[in-house]
Amino acid sequence: MSFDFFAPCPRGLEAALVSELIETAKNRLPPGAMSVGAEVPGGVHFRGNWAGGMAANLHSRIASRVLLKIAQRPYRDEHDIYELAREQRWDQWFTANETLRVDITAIKSPLRSLEFATLRVKDGICDRMRDKAGARPSIDTTYPDVRVFAFLTATDCTLYLDTSGEPLFKRGWRLDKGAAPLRENLAAGILRLTGWTAGTPLYDPMCGSGTFLAEAAQVALDIAPGLDRSFGFERLKQAEMAAWRHLKSEANTARNTAQSGKRDLLIFGSDISDVMLDKARANFKRAGFGNVPLKQLDARNMTPPASGAGVLVVNPPYGERIEVRGRNARGEARPTAREMRGDDDDGFRRIQDDTPDPEFFHALGDALKQRFTDWRAFFLTSDRKLPGQLRLREAAKTPLYNGALECRLFRFDLIAGSVRQRPASKPAAPEDQDDAQ
Ligand SMILES: C[S@@+](CC[C@H](N)C(=O)[O-])C[C@H]1O[C@@H](n2cnc3c(N)ncnc32)[C@H](O)[C@@H]1O
């Protein structure tokens with residue numbers, strides 16, 4: 001049996017998700033199990049059998065969820081939405097003993113209250129269940145067994161059954177987070193955009209809780225991102241659990257094979273904060289890889305951690321002046337307010353203002369120019385003026401969303417003799433204000 005699926009993802013990563021799903025179809029599934037369809041803003045459509053949907057859950061590092069399409073129809077009002085929900089054979093998918101949650105996303109919907117529309121979808125499902133099964137599921141918005149998503153456009157309502165459960169960026173091993181951790185699927189998508197492949201040196205000099213590094217290590221060690229977690233489809237009546245056991249056993253074999261051929265991962269991290277490094281170490285231990293060297297270091301003093309060209313990827317703090325613990329921008333010892341209060345917990349002092357410390361980024365740009373010849377550096381930031389601050393001209397910039405925050409992924413090619421520089425004082429080029437790439 002074949003289904004239509006939709007895999008939502010962080011905006012800006014749709015093309016990366018298409019290529020990831022095509023790889024999954026080719027490398028992890030028999031022919032015909034999954035066929036990847038169109039990308040739309042915020043996700044990718046694909047068609048497949050149960051194994052296809054399960055493999056997307058197990059192997060996608062970029063998707064946020066995998067949704068199974070139940071029905072789609074034009075609507076005019078909440079009553080039409082109720083009727084659509086009531087007509088579906090929900091009792092084929094789950095029992096009244098399962099708890100339920102309904103969510104609605106809308107783009108240009110004419111409806112006045114999405115909350116009311118959500119209630120009508122819930123009522124439609126519950127009324128149908130009561131008619132057919134004699135009982136209705138109860139609602140649990142925190143830990144539901146089953147989730148239904150409704151998507152409204154100006155004209156159409158689509159109902160989806162969620163096959164993921166907890167969102168897919170929850171890999172199951174990250175418990176220790178910093179103040180501004182990246183979502184795992186955004187980090188994984190960025191890694192794919194950088195073109196990094198296992199065996200090439202990778203370095204995050206402000207690694208925090210280590211999201212880029214952990215995602216890269218999982219790629220290098222062929223660890224399926226969903227191997228250690230459960231999924232919503234495990235609660236659905238129709239899910240083909242034999243196909244699931246087969247996929248999981250193959251993913252376990254792949255991980256064991258990669259780990260037995262132990263090699264140097266060439267994945268490195270550093271951070272000014274020993275507290276953050278401890279969090280990263282605890283995460284890596286839980287995720288099952290211990291051989292990612294981490295060093296406490298001010299990023300301005302960074303040097304390439306391996307010989308040869310590599311990829312540097314980082315999301316620096318933004319919207320805060322960075323005052324490095326015990327040192328000012330010139331490297332002179334100076335206690336921060338937090339240190340003086342004795343409650344230093346993340347290694348740098350945040351002063352909420354919208355001007356990133358220019359001296360810090362000048363020094364960081366100098367470190368890149370002087371020491372990282374032939375590397376490619378990628379910065380994720382919401383600060384469009386970052387290239388000017390680094391005094392480097394970007395080779396590319398890609399719009400990405402970190403949650404609701406609009407960001408850019410800037411690429412700098414540090415090719416010997418041709419590093420493109422720009423003076424810090426130069427006004428922002430018109431293309432810096434463009435939304436398009
Ligand atoms: C936005 S967070 C990075 C989050 C990280 N990508 C993660 O997933 O957890 C920025 C990091 O920069 C570090 N940092 C701040 N100033 C630094 C400096 N001068 N040198 C190195 N790291 C610094 C902070 O300790 C923090 O962990």
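This report describes the fold, the sheet, the helix packing and the nonpolar cores of a predicted protein model.

## Basis and overall make-up

Because the model is predicted, local features are taken at pLDDT of at least 70 and side-chain atom pairs count only at pLDDT 80 or more, whereas totals for chains, interfaces and linings use all residues. Residues are numbered from 1 along each chain as its sequence is written, and side-chain values use heavy atoms, with hydrogens and water left out.

The secondary structure of the protein comes to 11 helices and 18 strands; helices (H or I, at least four residues) and strands (E, at least two) are DSSP runs, numbered from the N terminus. Of the 437 residues, 52% count as buried, where buried means under 20% relative accessible area, exposed means over 50%, and partly exposed lies in between, with a 1.4 Å probe and protein chains only. Among contacts (heavy atoms within 4.5 Å) between residues at least 6 apart in sequence, 79% join residues at least 24 apart.

## The seven-stranded sheet

An open sheet of 7 strands runs in the order E2-E3-E1-E4-E7-E6-E5, with mixed pairing; two strands count as paired if DSSP finds at least two bridges between them. E2 and strand E5 (100-106) stand at the edges with a single partner strand each, so one side of each is left without a neighbour in the sheet. Neighbouring strands are turned by 30° against each other on average, direction ignored. Helix H1 (residues 14-28) packs on this sheet, touching E1, E2 and E3, and its direction makes about 180° with that of E2; axes here are lines fitted to C-alpha atoms, for helices over the stretch in contact, and angles run from 0 to 180 degrees between N-to-C directions. Helix H3 (residues 78-87) also packs on the sheet, touching strand E4 (67-74), strand E6 (146-152) and strand E7 (156-162), with its direction at about 135° to that of E4.

Strand E3 (residues 43-48) pairs in the antiparallel sense with strand E1 (residues 3-8) over 6 bridges, and strand E2 (residues 34-40) pairs with E3, again in the antiparallel sense, over 5 bridges. Phe 46 in E3 is the bridge partner of Phe 5, and Phe 46 is likewise the bridge partner of Val 36. E2 and E3 form a hairpin with 2 residues between them, and Gly 42 in the turn has a positive phi of about 95°.

## Glu 78 in helix H3

Glu 78 has its place in helix H3 and is buried, with a relative accessible area of 17%. Leaving aside residues up to four places away in sequence, Glu 78 touches Leu 111, Ser 113, Phe 116, Ala 117 and Arg 120. The C-alpha atoms of Glu 78 and Leu 111, which are 33 residues apart along the chain, are separated by 7.6 Å.

## Helix packing

Helix H2 (residues 50-59) and helix H7 (residues 241-260) pack at an angle of about 40°, with their axes 10 Å apart. At this contact, Ala 51, Met 54, Ala 55, Leu 58 and His 59 in H2 meet Met 241, Ala 243, Trp 244, Leu 247, Lys 248 and Ala 251 in H7.

Helix H5 (residues 184-194) is mostly covered, with 9 of its 11 residues buried, and its cover includes strand E8 (202-204), helix H6 (211-220) and strand E11 (311-314). Just after H5, Gly 195 takes a positive phi of about 80°. H6 is mostly covered as well, with 9 of its 10 residues buried; these buried residues pack against H5, E8, strand E9 (267-271), helix H8 (274-287), strand E10 (294-296) and E11. H6 is followed by Asp 222, whose phi is positive, near 50°.

## Nonpolar cores

A nonpolar core is a set of buried Ala, Val, Leu, Ile, Met, Phe, Trp, Tyr and Cys residues joined through side-chain atoms within 4.5 Å. Of the 95 residues in the largest such core, Val 121, Ile 125 and Ile 267 touch the most other members. Domain 1 (3-162) and domain 2 (184-223 + 236-433) both give residues to this core, so it lies between them; the domain bounds come from an automatic or database domain assignment. Apart from this core lies another, of 24 residues, among them Met 206, Leu 392, Phe 412 and Leu 414.

Ile 267 touches Trp 196, Leu 202, Leu 213, Ala 216, Ala 217, Ala 220, Val 292 and Pro 293, not counting residues up to four places away in sequence.
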